[in-house]
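Visitor: Could you walk me through reading a structure like this one? I would like the general idea of each feature and then the case at hand.

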Amino acid sequence: MNSAVAVSTAMHGLALGEAFSFDSLVEVIEKRRGRSIRIVELEELGHEASLCALLVELEAEDLIFHAPTESQLHRQQFVLHEIAHLILGHIDGEELRVPDFLLPDIPPATRRRLLRRQNLNDPHEVAAESLADHLAAAIRLSVTHDSRFVEIFG
């Protein structure tokens, strides 16, 4: 399946419509995976590891770490990219490799899987970024719809 088809199928499979909130998206993914998603800013990602974000599957939850940024849109894109990997099933079967300095408080035995960007031309990374763009557009559309609703109906 090519990237465009995978993204289109994933968007349709969410059954959220054309516009939805970030919270609605996270709720659907949590329900689908039967586990919570925790989003944590981790300063070391940007400084020591030169990563934007990192997805770690633990026994009971999915952790999304993102590098600090002052831009809310940039932070959202980091997180949506990792959520896109969850939606597309890219974390399944990934080998666990993470430097201990990044996650010293999480014992290696508790980390089930990890996904991080290593090659921007990798088909999984391209598909995740494309899906993240579509998710961001739907979230922006939701904000526009909500604003218009409030303007019209108060």
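**Reading the fold, the pocket and a few residues**

Guide: Start with how the chain holds together: residues 24 or more positions apart account for 66% of its contacts with a separation of 6 or more, where contact means heavy atoms within 4.5 Å. This is a predicted model, in which local features need pLDDT of at least 70, side-chain atom pairs count only at pLDDT 80 or more, and totals for chains, interfaces and linings use all residues. Residues are numbered from 1 along each chain as its sequence is written, and side-chain values use heavy atoms, with hydrogens and water left out.

Visitor: How many helices and strands does the chain have?

Guide: Helices (H or I, at least four residues) and strands (E, at least two) are DSSP runs, numbered from the N terminus. Here there are 5 helices and 4 strands, in the order α-α-β-α-β-β-α-β-α along the sequence.

Visitor: What share of the 154 residues is buried?

Guide: Buried means under 20% relative accessible area, exposed over 50%, and partly exposed in between, with a 1.4 Å probe and protein chains only. In this chain, 38% of the 154 residues are buried.

Visitor: Is Glu57 buried or exposed?

Guide: Glu57 counts as buried because its relative accessibility is 4%. It belongs to strand S2, residues 53–58.

Visitor: Which side chain makes a polar contact with the side chain of Glu57?

Guide: A polar contact is a pair of N or O atoms within 3.5 Å; within protein, one must be able to donate a hydrogen and the other to accept it, and residues adjacent in sequence count only if both atoms are side-chain atoms. For Glu57 the partner is the side chain of Arg33, at 3.0 Å.

Visitor: What is the volume of the largest pocket?

Guide: On a 1 Å grid over the protein atoms alone, a pocket is an open set of points where a 1.4 Å probe fits, with protein on both sides within 12 Å along at least five of seven lines; lining residues have an atom within 4 Å of a point. Grid points are joined across faces, edges and corners, and a volume is the space filled by probe spheres set on the points. The largest pocket comes to about 230 Å³. Its lining includes Phe22, His66, Arg75 and Ile139.

Visitor: Which element gives the largest share of that lining?

Guide: That is H4, with 5 residues.

Visitor: How do the lining residues divide by type?

Guide: Ala, Val, Leu, Ile, Met, Phe, Trp, Tyr, Cys and Pro count as nonpolar, Asp, Glu, Lys and Arg as charged, and the others, Gly among them, as polar. The lining of the largest pocket has 6 nonpolar, 3 polar and 2 charged residues.

Visitor: Which residues does Arg75 touch beyond those up to four places away in sequence?

Guide: Arg75, in helix H4, touches Glu41, His66 and Thr69. Its side chain reaches the backbone oxygen of Thr69 at 3.0 Å. Arg75 counts as partly exposed, at 27% relative accessibility.

Visitor: Where is Ala15 placed?

Guide: Ala15 is in the loop between helix H1 (3–14) and helix H2 (22–33). It has a positive phi of about 55 degrees although it is not a glycine. Ala15 counts as exposed because its relative accessibility is 69%.
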